[in-house]
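Please read the following note with the sequence and the model at hand.

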Protein chains: 2
Amino acid sequence: MDRRLIAAFERALGAEAVLTGIDDCLAYGYDNSSYRANPAMVLLPTRIEQVQAAVRLAREYKLPLTARGRGTNTTGASVPVERGIVIGFERMDAILDIAPGDRTARVQPGVLNGDLQAALAPHGLFWPPDPTSAPFCSIGGNIACNAGGPRAVKYGATRDNVLALKAVTGTGELVEFGARTSKNAAGFDLSRLLIGSEGGLALVVEATLKLSPKPAARAMLRALYRDMESAAEAVARLMAQPDTPSMLEFMDATALRLAREVGGADIPDAGALLMIEGDGDPAQLPELLRRLAGFAQGDGCLDITIPGSEAEQAQLMAARKALSPALRSLASGKINEDVVVPVSKVPALVRFVEALACESGLTIVSFGHIGNGNVHVNVMYDKADAGQTATAEACAGKLFAEVLRLGGTLSGEHGIGLAKRPFMAQAFTPETLTMMRGIKQLFDPDGILNPCKTLPE
Amino acid sequence: MDRRLIAAFERALGAEAVLTGIDDCLAYGYDNSSYRANPAMVLLPTRIEQVQAAVRLAREYKLPLTARGRGTNTTGASVPVERGIVIGFERMDAILDIAPGDRTARVQPGVLNGDLQAALAPHGLFWPPDPTSAPFCSIGGNIACNAGGPRAVKYGATRDNVLALKAVTGTGELVEFGARTSKNAAGFDLSRLLIGSEGGLALVVEATLKLSPKPAARAMLRALYRDMESAAEAVARLMAQPDTPSMLEFMDATALRLAREVGGADIPDAGALLMIEGDGDPAQLPELLRRLAGFAQGDGCLDITIPGSEAEQAQLMAARKALSPALRSLASGKINEDVVVPVSKVPALVRFVEALACESGLTIVSFGHIGNGNVHVNVMYDKADAGQTATAEACAGKLFAEVLRLGGTLSGEHGIGLAKRPFMAQAFTPETLTMMRGIKQLFDPDGILNPCKTLPE
């Protein structure tokens, strides 16, 4: 990058906030997707004014600016533009205040999800979004991609658990959206619009989060089913009664087989598995689990195990734990999509995926958050084999088309980023996309904030 | 209105959808606020294409178009512009489908909240927003003002319970926002932006609602406190544990005195009253109420009554029921504001209101949804007395300033409309208002949709 440009950023932000070394830039060029790019500069602000200054300079010089939390995104949303700028929020990591009586916390975007949970625990509170990456992903990143996790089925995802945001727009203006209260009917709600916008509208510099009281105890039961249909009927029964499970996860037959045969889990053969968690008062948990087991029971249910001890609980988690390493050992390449369909359409989707696996000759493994209809479809392929790679990519395209046909959506919690961008034009009408582009233009008139993401070309 | 204009609308929408009689227009010129105006035309479409045609014609002739559900709004948001057009959605009142397994319902905007609840009951489901006007207010109106109600403390308000919207923008384009699934991280979320926008961005023509399983039983306990502070401490205890009450209402000392002395309720003197409702399985409700009573108990608690029978339940509601007629008999004028402050700031707000009552010589009565910090402040005055009227208006201004100083917001569930529009510039920074105006301009470039509402001049 031009020496004068670097000097301009150093003057505006202070030299300590500007990295241009090739090794530093390399470390900020990728996320948890398969995409990567080489930024020319990394900015690490500590104050809101520095964020504003960075945006104004980037705008002046028409340089693309990609926001970054901790780079755990799986769709390439936090991968910069080649030779562009990364603005990382890792140094803005203060928990500004926790107000237990108001059930709110005010945080900077760089606070790690796990660190926040630890700070909330002494107050008996938690913040519901619980992505697998919680210990090392940032709240700002959670907001950017509308992160979810298994407990979203009861407590909602990020968009349901943020009350107010301060953010810097693409013109460097500081705006404040939402209110620090759990009800708000004043003016246009722009806070939910920023959530899930992948850093393409404004850079979040402060968030007021909605907290929930932490249940004193949690316990899980495991249910095995003859087929996906009978498991889905159990899900319908479980979701139609008021004691919403705090987790409602599933594995399809392929996932189960892999967990047993490759992962070594001690688990019988079955058409589908449900993990059903309840939370609440420890004294009432056994009764709650018995009630949940009653709803899980029904035609096609092969076995229900309610573990008594913590050791037994851990043993039941074995299938889930065995699955990830099993997948890794299976093939070098994995396309992991987090599509969502209406809950009643999950069996149809799983049948479609089974047919797709037969037709393509690839192993495709489905599991995920069935209470929300959020299915992680993993298409396994050999990276070194160009034919298999192309087949896997074609499978992803067919999957998206089917998901949309079933009334679903492209992403439940991972976002669009680079990976699903080509499919946005199938998911939304031209009029709707025009409106989204208008919103982008309004917040970021020069298109410097995370360009080439989210919206299709 | 010009005869040729009327003919143009009749050609486009059909004569049966166009009313111009002075009596018809009169009936659509007011809502549940003190504002009124005389529209020149009322349109009552039955199909989306008619809504699009109406917007296109209104745009061509630069005529203001105000959306109307059933006119129960209390801030004037559904009062038309003088000689403008009302577009009423009462004939688009079909429940398009109910999908119990997906916990969703798809409805036209004119469906009444109460009719939807009745249709959902056989499925064991309900839609959480429960404004007092539920039997005769429309879902479209609930969406326009982000309606809440007492049960929002546990289940959220309208914005938390809508998944997807179809709407017609100010240019007549049909757009579709959100997804029909409980998780969605695809693209910019414009559905939440429309919720609470008071018909100023787009006209909602279809909504996919998020439903909840209906608890089999509900019961309430009544707790009396020495003062507002000890009641607020009980609220903090109740909200810090996971069994969130399904209602958490309060009355201040003035409200209680009125209910007893004017309304004739059999209730002891106290500094504050809480009504605490629990819901769930009938077999477990007594235990839940005992637990909630335990949290309600504490320093300053004078009395807790857990009613055993339904008759006793009804008796406990007496104070609340006595309050409304008592207020009506007290004075001819009432300014009813639904401000919100962080829950911990409710005692400070109530103290401020008491001081304001002393200083102004007016009776001011506070009650409302304390679990959300949502306080209905009723300033009572004699309408015939110009001095008292001016004093009451000045009180409202002082109240808003204090609410904002305490970190609160102008409205929890009634919206901004005409009534609170002048205070928006105090509530939001100029940069934030500029962004809101940009959004308005994007959706409605000619400013024909409900002009002169929500945003300040």
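1. Basis of the note. This is a predicted model, in which local features need pLDDT of at least 70, side-chain atom pairs count only at pLDDT 80 or more, and totals for chains, interfaces and linings use all residues. Residues are numbered from 1 along each chain as its sequence is written, chains are lettered from A and ligands numbered from 1 in the order in which they are written, and side-chain values use heavy atoms, with hydrogens and water left out.

2. Phe126(A) belongs to strand β7 (residues 125–126) of chain A and Tyr155(A) to helix α6 (residues 152–155) of chain A, 29 residues apart; helices (H or I, at least four residues) and strands (E, at least two) are DSSP runs, numbered from the N terminus.

3. Burial of this pair. Phe126(A) counts as buried because its relative accessibility is 6%; buried means under 20% relative accessible area, exposed over 50%, and partly exposed in between (1.4 Å probe, protein chains only). Tyr155(A), at 17%, is buried.

4. A second pair. Phe177(A) and Phe443(A) are edge-to-face, because their ring centres are 6.3 Å apart and their planes stand at 85°. The pair ties strand β9 (residues 174–178) of chain A to helix α16 (residues 430–443) of chain A, parts 266 residues apart in sequence. Both Phe177(A) and Phe443(A) are buried.

5. Charges over rings. Arg218(A) lies over the face of Phe126(A), 5.8 Å from the ring centre; the criterion is NZ of Lys or CZ of Arg within 6 Å of the ring centre and within 35 degrees of the ring normal. In chain B, the charged end of Arg218(B) sits over Phe126(B), 5.9 Å from the centre of the ring.

6. A buried glutamate. Glu402(B) is found in helix α14 (residues 386–405) of chain B. Its relative accessible area is 11%, so Glu402(B) is buried.

7. A sheet in chain B. Four strands form an open sheet in the order β1-β2-β4-β3 (chain B), with mixed pairing; two strands pair if DSSP finds at least two bridges between them. Its edge strands are β1 (18–19) and β3 (65–68) of chain B, each pairing on one side only. Between β1(B) and strand β2 (residues 41–43) of chain B, the pairing is antiparallel over two bridges.

Technical notes. Rings of Phe, Tyr and Trp (its six-membered ring) pair if their centres lie within 6.5 Å; planes under 30 degrees apart count as stacked, over 60 as edge-to-face and the rest as tilted.
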